[in-house]
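Here are my notes on the model. Please read them beside the coordinates.

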Amino acid sequence: QANVINLKTFLSAVRLAHQGNDAGVLPLSPLVPAKNSDVEKPKTKMIITSRRDYPLTKSFPFSLEHLQTSYCKLARIDARVLCLKKLRKLDLSHNHIKQLPATLGDLVCLQELDLHDNHLEAFSGALCSSGLQRSLQFLDLSQNQIQALPLEFCQLRGLVQLRLDDNALLRLPCRIGQLSHLRFLSAARNKLPFLPSDFRRLSLENLDLFGNPFEQPNPLVPNIQLKIPLTLLECAARATVNHRIPYGCHLLPSHLCKDLEVAKTCRCGSACLSSFIQITVTMNLHLVAHTVVLVDNMGGTDAPILCYFCSLDCYSQFLDRHLQSN
């Protein structure tokens with residue numbers, strides 16, 4: 001590793017000896033152990049912050065664990081980067097990336113992915129179902145053009161920190177409560193009118209939702225989607241979820257499986273699928289986070305959250321309690 005010429009000479013002597021040449025005429029020279037200072041250690045970190053320094057002809061060292069290529073005007077992720085299987089931290093911020101390749105999910109050691117200040121319009125469900133769901137802990141998608149995250153996003157259950165600031169998000173994933181390891185969530189300056197009901201299940205250390213156009217909750221104006229009597233499909237779906245009956249694409253059509261995965265939960269604990277009553281109620285964000293950045297300039301820490309009811313009876317009971325408390 002220290003002297004390539006000496007190594008080549010030694011291997012040449014070994015080959016000649018193997019061919020039966022006399023040891024006295026072999027080109028042998030004394031081999032001196034290399035000093036630590038002479039041996040080049042594998043490169044584990046590379047930081048590139050300008051297009052001028054971006055390597056076009058040389059490949060990236062396969063030993064890299066931390067790679068930053070910022071301000072390089074990249075329109076896509078370099079295929080050579082996707083071969084760096086030891087990568088733990090990848091910073092592609094401040095570029096022009098519009099789409100993420102599915103092969104990004106092959107970086108099974110990747111713990112931190114920084115994509116802020118790009119031109120992304122989506123985060124694919126395929127990435128959420130890849131090896132990233134076990135390894136990824138930090139994800140920064142801020143300053144992009146994302147309007148919605150896929151249902152599969154909540155399969156990234158190793159996430160500890162998620163930044164979604166300055167996008168065009170109209171909603172958060174309906175199963176966001178499945179991110180049980182999430183501790184830092186920032187989705188400031190988006191277009192969120194309310195939070196999904198599953199938001200209550202989060203247990204955060206820090207939460208920032210400043211600058212979203214949250215609607216004023218009004219439990220007295222429900223969105224009624226009840227079908228009376230319930231359809232056979234609705235009855236079967238409710239029973240499947242309530243009794244935790246196993247199902248899968250080998251038993252049911254895939255679209256039904258997806259519907260069951262996003263079944264709504266009534267305040268009574270029962271499930272409902274497409275027959276429900278929906279309202280928004282006020283939730284103090286301190287119920288899910290230790291530290292809360294103010295939601296608006298008025299000093300508030302409350303936000304509207306969706307609430308579902310499986311029947312008129314459940315909604316009536318809630319309404320009675322709500323009117324009494326006010």
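1. Which element gives the most to the lining of the largest pocket? α5 does, with 5 residues. Helices (H or I, at least four residues) and strands (E, at least two) are DSSP runs, numbered from the N terminus.

2. This is a predicted model: local features need pLDDT of at least 70, side-chain atom pairs count only at pLDDT 80 or more, and totals for chains, interfaces and linings use all residues. Residues are numbered from 1 along each chain as its sequence is written, and side-chain values use heavy atoms, without hydrogens and water.

3. The largest pocket holds about 540 Å³ of space. Its lining has 25 residues, and Arg175, Gln178, Tyr247, Leu260 and Glu261 lie nearest the centre. Domain 2 (45–191) and domain 3 (223–276 + 313–325) both contribute to the lining, so this pocket lies between them. Domain bounds come from an automatic or database domain assignment.

4. The second largest pocket has a volume of about 370 Å³. Of its 17 lining residues, Arg171, Leu172, Pro173, Cys174 and Pro196 are the closest to its centre. Domain 2 and domain 3 each supply at least three lining residues.

5. A pocket here is an open set of points on a 1 Å grid over the protein atoms alone, where a 1.4 Å probe fits, with protein on both sides within 12 Å along at least five of seven lines; lining residues have an atom within 4 Å of a point. A volume is the space filled by probe spheres set on the points, which are joined across faces, edges and corners.

6. Asn190 sits in the loop between β7 (184–186) and β8 (204–208). Its C-alpha atom is 71 Å from that of Leu28.
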